[in-house]
Amino acid sequence: MTGGQLLLNGLAAFLTLCIFSFLYRDNPFYKFAERLVAGVATGYWTMLLFHTNFVPVVWNRLAHDGRYEYIIPTMLGLMMWTRFSKKWSWVSRYSIAFYIGISSGITITLSLYASLFRQLEATINQPLTFDAAGISSFLIIVGVLSALVYFFFSAAHKGSMGVISRIGIYVIMIGFGAGFGMTVMGRIALLVQRVIFLRGYVNSLTAFFGG
Amino acid sequence: MTKKLIMLLCLVIISSSLAIGQEAIPDSAGLAPPAPAPPTNVRVVDRPNDAGHGLIVKWDLSPDDSAGLNNVAIYEVFRAGSPDGEFISRGVVPRGITEYVDFDETEPNSEHPNPNFMPVNSTWFYKILAISDNQVRSEFSSVASGTTIENWIHTGKIPIGVAAITFTVFLIIFISSARKGKKMYVRPLAGINAVDDAIGRATEMGKPILYILGLGTAGDIATIAGFTILSRVAKRTAEYQTKVIVPVQDPVVLAVAQETVRTAYLEAGRPDQYNPENVFFVTSMQFPYVAAVNGIMLREHPATNFYMGVFYAESLILAETGNIAGSIQISGTDQVAQLPFFVAATDYTLIGEELYAASAYLSQEPVQLGTLKAQDYTKAIVMAFIILGAIAITAGWPFLRNLVTINL
Amino acid sequence: MRFLEQMMKIDRRWIYLAIGLAVIIPAIIPFTVPVPVSKEVKNVHDFVENTDSNNPLFLAMDYDPSSMAELNPMAEAILKHAFSEDRKVIIVTLAQFGPGMVEEITTRIGKEYNRQYGVDYAFLGYRPYPAITIMLMGTDFRVPFPQDYYGTPLDSLPIMQGVKNFNNVRGVIDLTAGNTADMWIVYGNGRFNFPLAIGITGVMAADYYQYLQSDQIFGIIPGVKGAAEYEQMIGKPGQGKEQVSYQLVAHSVIILFIVMSNVAYFATRRQKKTIGGAQ
Amino acid sequence: MKREIPLMIVMVTGIIMFLQYFFPGRFLFIPFISSEKLFEFLNDWVMVIGILSLPLGIWSLLKANVNKLKAADERFYSAILLMGFLVMVISGWMPEWRTKGVHLAIFQSVLIPIQSTIFSLLAFFVASAAYRAFRARSVLATILLLTAFIIMMRFIPMGPISDINNWLVEKILMVPNMAAKRAIAMGIALGATATAIKIILGIERTYMGRD
């Protein structure tokens with residue numbers, strides 16, 4: 001490993017420790033790393049967007065490809081800049097209107113397809129026979145129905161509605177407990193990676209200085 | 001299922017057809033292995049639900065496919081632009097399959113010529129042969145032709161359209177009945193009741209409220225729900241003269257959040273109290289954003305933290321740091337994977353649909369509450385559908401399941 | 001009781017310290033720990049164990065280097081198992097960036113166990129469109145793979161003599177990070193009815209247990225934990241066991257904290273109740 | 001003009017994007033309008049508006065930090081942030097500079113290590129959150145606690161009990177966990193669709209502001 005590389009890895013190791021120091025308490029080292037990364041990330045992101053989005057989607061299309069229809073979205077994008085002025089900032093609403101209208105229209109079909117129809121299909125795909133698969137499928141249906149009852153807003157959770165919605169929130173809580181428990185492994189693995197990085201840096205330091 | 005299969009089949013083309021090009025080699029005894037009979041009854045139909053760039057070739061199995069000589073391995077499909085033109089291979093499918101979807105929707109241009117492109121209303125001629133285990137080719141089948149047709153409506157997606165329109169009708173019915181003054185009951189939601197307490201607490205302590213809109217864009221519906229709740233929160237804090245801090249990570253979200261807070265202060269009759277610098281941009285990247293928000297939490301010690309919108313892995317980092325800072329925390333997201341962490345680490349959580357319902361709850365306007373009723377009725381229909389669908393499939397009638405199976 | 005009350009509001013930094021040590025100590029002093037072996041993984045192990053040396057095993061390594069960390073330990077454990085017991089293995093990959101990685105692993109472990117390429121194992125290579133490739137392999141491996149990864153015609157490989165399609169292999173183990181598992185289940189097991197097992201990343205595993213129940217697959221190796229179980233059964237600790245030693249210590253620490261938290265909670269609650277009763 | 005027209009825009013674009021989903025060929029049977037190209041074009045509008053809005057964010061960040069330069073205790077940190085931003089922008093100015101030199105070095109030795117370290121903080125936070133939340137205070141908390149506990153116990157060797165635990169883990173993941181996820185997804189589909197429809201119909205319009 002070259003000295004320059006060692007120095008850069010040292011910077012990375014130092015910043016890693018700066019962030020970890022936050023676990024003890026807020027301190028100047030954490031604040032330093034936090035501000036440094038905010039600046040670096042914004043700069044990096046700006047240039048990333050500039051080169052990979054602005055140039056091909058806006059600049060090249062208008063300047064080289066002759067796709068003048070892109071003047072419209074470009075105008076809408078520039079209209080966002082009226083927000084710098086108090087008097088004209090209402091103009092930016094036109095751009096926001098396009099932005100939100102287009103997104104909302106896409107959402108309707110997308111979420112009905114992915115979150116409703118696909119889930120419905122999976123739920124009623126298995127005949128309820130008296131074997132392991134059938135019984136699981138039956139229990140899943142019971143769970144889905146009771147959890148849906150929990151989400152009823154316009155009926156009081158009293159009487160039979162109360163009992164079913166109670167089962168529903170129990171099912172939901174089991175789901176959350178399982179989600180939490182399953183995620184621990186991946187989170188520990190992330191920390192292991194950082195520790196292994198630091199161990200590797202210490203090893204390369206000792207190797208470099210003839211240890 | 002079969003349709004998905006066909007869609008995949010049509011992708012075959014390159015890889016496998018290369019393998020078939022080899023000629024059959026007679027075996028050493030000089031006895032050539034027998035050739036299978038070709039498939040019969042070839043016909044070509046339009047590929048449904050497309051913009052007119054595909055056809056489906058169908059045939060009946062060769063008599064030697066799983067019967068007769070039982071030596072068919074694969075079928076190879078050939079296409080030409082005219083009956084006596086040059087037939088080129090389009091792909092192969094394994095034995096037992098009687099369909100091949102042929103399509104090419106890449107329009108040629110000056111840089112990328114594409115002779116295989118299938119324009120709308122173009123007629124193509126097909127013939128098929130069977131290839132045996134020993135690579136012996138059958139005779140060609142008869143030639144069949146078909147014309148690509150541009151389909152106007154995607155019939156497979158109609159159930160989604162019907163669902164969306166039914167839902168809209170429900171919404172309009174309940175909103176108009178609410179406008180007529182019909183009283184609607186909504187059950188209490190703990191997370192909503194906590195909002196007022198949380199604002200009160202901040203006022204008493206003289207500390208700010210931190211409102212996090214998550215990592216979504218201004219086009220994400222969960223973020224828009226977050227704006228609506230922000231507006232209600234900001235209106236009340238304006239009345240109490242409590243500071244709301246909104247750090248954001250997307251410039252369009254920044255613009256909308258500033259406008260939302262400004263309007264809330266205006267409606268509360270305190271436009272002078274609005275400070276645009278309290279709604280500010282931090283950075284666009286996930287973890288640098290989290291680092292900055294963590295810093296704000298530990299230095300400003302907000303009395304209350306709101307998390308409303310789209311959240312990913314940062315959910316637990318933010319919620320635990322908020323806990324260290326001793327803030328009351330109310331969260332809501334549409335990200336199922338993050339809900340467990342919000343439930344564990346924040347004081348109140350709006351679970352999925354509750355996030356969208358929150359704006360109606362906070363407004364208490366009858367029109368808004370009417371939409372909740374429409375959601376409930378739709379939910380009841382969904383539940384009935386599950387029960388009937390499960391009974392039907394158990395009885396061996398898959399029609400309800402097929403109704404919700406969308407073949408894109 | 002004062003101790004328990006302090007436990008209730010223990011400074012969170014002690015928890016952080018414990019987690020930190022739980023990861024740092026195994027990093028400095030490596031050790032391996034026993035893992036409980038689950039039935040799903042044992043099924044896969046027994047399957048390889050019971051393969052005779054005539055019927056090759058079919059191993060699909062359908063993952064890209066991005067999921068190497070979780071799936072390579074599985075591939076290595078299975079190959080080591082098969083090679084150490086003189087089982088033959090046919091390998092393919094249906095992942096675009098898989099071939100280089102697969103070649104590296106198979107050659108390395110093949111060398112380690114003195115296995116001969118072409119006789120004891122073969123790597124057929126990569127083809128796009130997994131569903132089609134699976135179905136074509138169901139008719140004959142030579143249709144999608146006329147030659148192996150190195151360009152040798154399959155017929156000249158001794159291992160492929162008399163091996164035409166899935167009927168002539170013992171069964172399929174698919175190592176995957178995603179949707180090729182579905183394709184092997186639907187187009188492979190569904191059409192050709194061969195025994196199928198999958199090795200899959202930890203996050204995806206939960207979605208595939210249902211196929212175990214419906215007998216479409218006979219085993220699952222879930223993530224590094226599954227790999228560690230496999231390594232344990234064959235007595236060859238590797239990356240899986242190493243990863244699991246971190247996980248075991250960290251999980252134990254968290255579990256211990258949860259137990260302590262509840263003990264303290266119940267103890268202090270009872271105490272408060274008695275005080276309440278006295279007033 | 002300042003509010004009505006934007007609301008009309010939301011409605012029209014929303015309906016267009018909703019309808020286009022159902023037309024594989026020509027949009028609404030109108031000749032010369034390809035549904036697919038319309039979708040791509042309007043989606044690009046959202047992207048272009050997003051890209052061209054970035055100066056708003058950068059301005060907000062720079063203004064706040066330039067102001068902070070006046071405060072003695074913040075001066076150093078704000079200077080670090082501004083420097084980080086400027087260095088990344090200048091070093092990434094040309095597209096080919098982005099994959100070498102200073103830009104790449106800072107990306108690899110500052111941005112990457114800080115990001116992964118912040119991510120790895122989750123290993124500590126799952127532990128502290130579990131310690132606090134997984135107390136058997138109520139039925140719901142107990143269910144959450146027990147499920148997560150069982151799932152995490154899969155790593156602990158316990159002889160024959162492990163077999164029972166593994167069986168339980170499998171069943172929890174397959175039945176209640178699945179049911180909970182499906183029910184929550186269906187609820188989200190309804191909530192998101194209702195909100196999107198309200199936005200398109202102009203019933204939900206707080207995001208638009210007022211004068």
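Which pattern does chain A follow, read along the sequence? Chain A runs α-α-α-α-α-α. That makes six helices and zero strands in chain A. Helices (H or I, at least four residues) and strands (E, at least two) are DSSP runs, numbered from the N terminus.

The model is predicted: local features need pLDDT of at least 70, side-chain atom pairs count only at pLDDT 80 or more, and totals for chains, interfaces and linings use all residues. Residues are numbered from 1 along each chain as its sequence is written, while chains are lettered from A and ligands numbered from 1 in the order in which they are written.

Stay with chain A. Its C-alpha trace spans about 70 × 60 × 35 Å along the principal axes. The radius of gyration of chain A is 28 Å, whereas a compact globule of 211 residues would have one near 17 Å. That radius is taken over C-alpha atoms, and the globule rule is 2.2 Å times the number of residues to the power 0.38.

Now look at one helix pair. Helix 1 (residues 3-20) and helix 2 (residues 28-63) of chain A pack at about 115°, with axes 8 Å apart. Axes are lines fitted to C-alpha atoms, for helices over the stretch in contact, and angles run from 0 to 180 degrees between N-to-C directions. From helix 1 of chain A come A:Leu15, A:Cys18 and A:Ile19; they meet A:Phe29, A:Tyr30, A:Phe32 and A:Ala33 in helix 2 of chain A. Contact requires C-beta atoms, placed from the backbone, within 7 Å. The residues of this contact are seven nonpolar, no polar and no charged. Ala, Val, Leu, Ile, Met, Phe, Trp, Tyr, Cys and Pro count as nonpolar, Asp, Glu, Lys and Arg as charged, and the others, Gly among them, as polar.

Chain B holds a sheet. Six of its strands form an open parallel sheet in the order 10-9-8-11-12-13. Strands pair if DSSP finds at least two bridges between them. At the edges are strand 10 (279-281) and strand 13 (348-351) of chain B, each pairing on one side only. Strand 12 (residues 328-333) of chain B joins strand 13 of chain B in the parallel sense over four bridges. There, B:Ile330 stands opposite B:Tyr348.

Finally, turn to chains C and D. In this interface, 23 residues of chain D contact 26 residues of chain C. Helix 4 (101-133), helix 5 (139-152) and helix 6 (160-174) of chain D each give two or more residues to the chain D side. Helix 4 of chain D gives the largest share, six residues. The chain D side comprises 17 nonpolar, four polar and two charged residues.

Methods: Two residues are in contact if their C-beta atoms, placed from the backbone, lie within 7 Å.
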